[in-house]
Amino acid sequence: MKELLKKYEDTPPEIIFNWKDPETDAEGWTVINSLRGGAAGGGTRMRKGLNMNEVMSLAKTMEVKFTVSGPAIGGAKSGINFDPKDPRKREVLQRWYKAVSPLLKSYYGTGGDLNVDEIHEVIPITEDCGVWHPQEGVFNGHFKPTEADKINRIGQLRLGVIKVLESNHYSPDIQKKYTVADMITGYGVAEAVRHYYNIYGGSVKGKRAVVQGFGNVGAAAAFYLSQMGARIVGIIDVVGGLINEEGFSYEEIKSLFLNKKGNTLAADHLIPFEEMNNRIWSLPTEIFAPCAASRLITKDQIDEMIASGLEVISCGANVPFADKEIFFGPIMEHTDEQVSLIPDFISNCGMARVFAYFMERRVSMDDDAIFNDTSETIKKALLNTYNKNKSKINMSSTAFEIALKQLI
């Protein structure tokens, strides 16, 4: 696996598009790792301090993810080095998408990512640039549909991603109009845990869980894990956290979801972050869902969790470990050798799978059909991993080997 990984990491991307904004100091890159299957896909992120290497590593990560989620295309990513709190953000995005629109018409599909909203920014701004949908390039480059079929499937994709959930099983409150895009990634993170216990033995019910990050992904993962009967004993977020060693009730988790402020945890009597960061890693827990930013988790934190009874990690964040390597650094390797580590490209593939689901054919727009499709995709990937390696350790290295053999 390591030889395959090194070969994959060392292969330069096919296309690097670099843009410098004429009106601000913003700089952007689209990195297309390959045009496998005639197209490439990956979202657009914005943060101050972002560089091309970050975008390149994310593009390679997307290509691995597509081996699970489909479609069978190359990985790409766009990144803009600019402060997303700057009031000129929308103008920068408008100029960026105008510059990159020929790629989006031909062979590249994008979406939302860190600090860039799919529904309120990506879709309307790309439409203004003459792009039918941010995934139009994937349709044209990979699927090559007739014009009529393209119109129908783009319409389906448009409606599907912003579809308001109608079922209380998938939405914490149907009156608040949560969409598929709001909930699907966190749902996949929780479903990965459920399938893990079903395949490898045991049950999620009654297991203690710690969630890192309480944005869209972390809050949704906590909601669905609690719904399954897991006991959320700790939540750590950038603003602080909460601990309940007996586990928060489903109603309490639902309330925390509904009361979060934007993408952060909000509650009375939050434990300050520093205290939380000292306490949470030694909390007795079987399930850990890292759903905050990439490259945060240290070896010491993991070792504390393992000593406290950790069984399985389901990654909501891409590359959650504080390794400098693109994929499989020493902290991730150490973790993979100690506990069951479900890699990010399986557990957080929900949004990529939703895009594939709506692009591939005419499909049901029912909540159950959409969410079950993601669940079955994750289950299939975990079964493939289990069939190659029935041990509860070295899951990630096995899953990577399966993916990389499709790419090299």
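Contact here means heavy atoms within 4.5 Å, and helices (H or I, at least four residues) and strands (E, at least two) are DSSP runs numbered from the N terminus. The model is a predicted one, in which local features need pLDDT of at least 70 and side-chain atom pairs count only at pLDDT 80 or more, while totals for chains, interfaces and linings use all residues. Residues are numbered from 1 along each chain as its sequence is written, and side-chain values use heavy atoms, with hydrogens and water left out.

The buried residues are E136, G137, V138, F139, G141 and F143. Their cover includes strand 3 (40-41), helix 3 (89-106), strand 6 (108-109), helix 6 (147-161) and helix 14 (350-360). After helix 5 comes K144, with a positive phi near 50 degrees.

Strand 2 is another enclosed element. In strand 2 (residues 27-32), 6 of the 6 residues are buried, so the strand is largely enclosed by the rest of the structure. E27, W29 and V31 point one way, whereas G28, T30 and I32 point the other way. Strands of a sheet pair through backbone hydrogen bonds, either parallel or antiparallel. Two strands are taken to pair if DSSP finds at least two bridges between them. Strand 1 (residues 15-20) pairs with strand 2 in the antiparallel sense over 6 bridges, with I15 opposite I32. These two strands form a hairpin, with 6 residues between them. Strand 2 is also joined to strand 5 by 6 bridges, and that pair runs antiparallel; here the bridge partner of E27 is N81 in strand 5.

The loop between helix 2 and strand 5 (74-81) contains P71. A cis peptide bond joins G70 and P71, with omega about -10 degrees. Helix 2 (residues 52-69) itself meets helix 16 (residues 395-407): their axes come within 9 Å and cross at roughly 100 degrees. Axes are lines fitted to C-alpha atoms, for helices over the stretch in contact, and angles run from 0 to 180 degrees between N-to-C directions. Helix 2 and helix 16 are therefore roughly perpendicular to each other, a class that covers 65 to 115 degrees, with angles under 35 counted as roughly parallel, over 145 as roughly antiparallel and the rest as oblique. E63, V64 and T67 of helix 2 make the contact with F400, A403, Q406 and L407 of helix 16.

Leaving aside residues up to four places away in sequence, T385 touches Y200, I346, M395, T398, A399 and I402.

An open sheet of 6 strands has the order 9-8-7-10-11-12, with mixed pairing. Its edge strands are strand 9 (240-248) and strand 12 (340-342), each of which pairs on one side only. From one strand to the next, the twist averages 15 degrees. Strand 11 (residues 312-314) and strand 12 run parallel and are joined by 3 bridges, and S314 stands opposite I342 in strand 12. Helix 9 (residues 250-259) packs on the sheet, touching strand 8 (231-237) and strand 9, and its direction makes about 165 degrees with that of strand 9.

The structure holds 20 aromatic pairs, where rings of Phe, Tyr and Trp (its six-membered ring) pair if their centres lie within 6.5 Å; planes under 30 degrees apart count as stacked, over 60 as edge-to-face and the rest as tilted. Y178 and F257 form an edge-to-face pair, 5.2 Å centre to centre and with 80 degrees between the planes. This pair links distant parts of the chain, 79 residues apart: Y178 is in the loop between helix 6 and helix 7 (180-200), and F257 is in helix 9. Y178 counts as buried at 14% relative accessibility, and F257 is buried with a relative accessible area of 2%. Both rings belong to one aromatic cluster formed by Y170, Y178, Y187, F223, Y224, Y250, F257 and F371.

Notes:
Buried means under 20% relative accessible area, exposed over 50%, partly exposed in between (1.4 Å probe, protein chains only).
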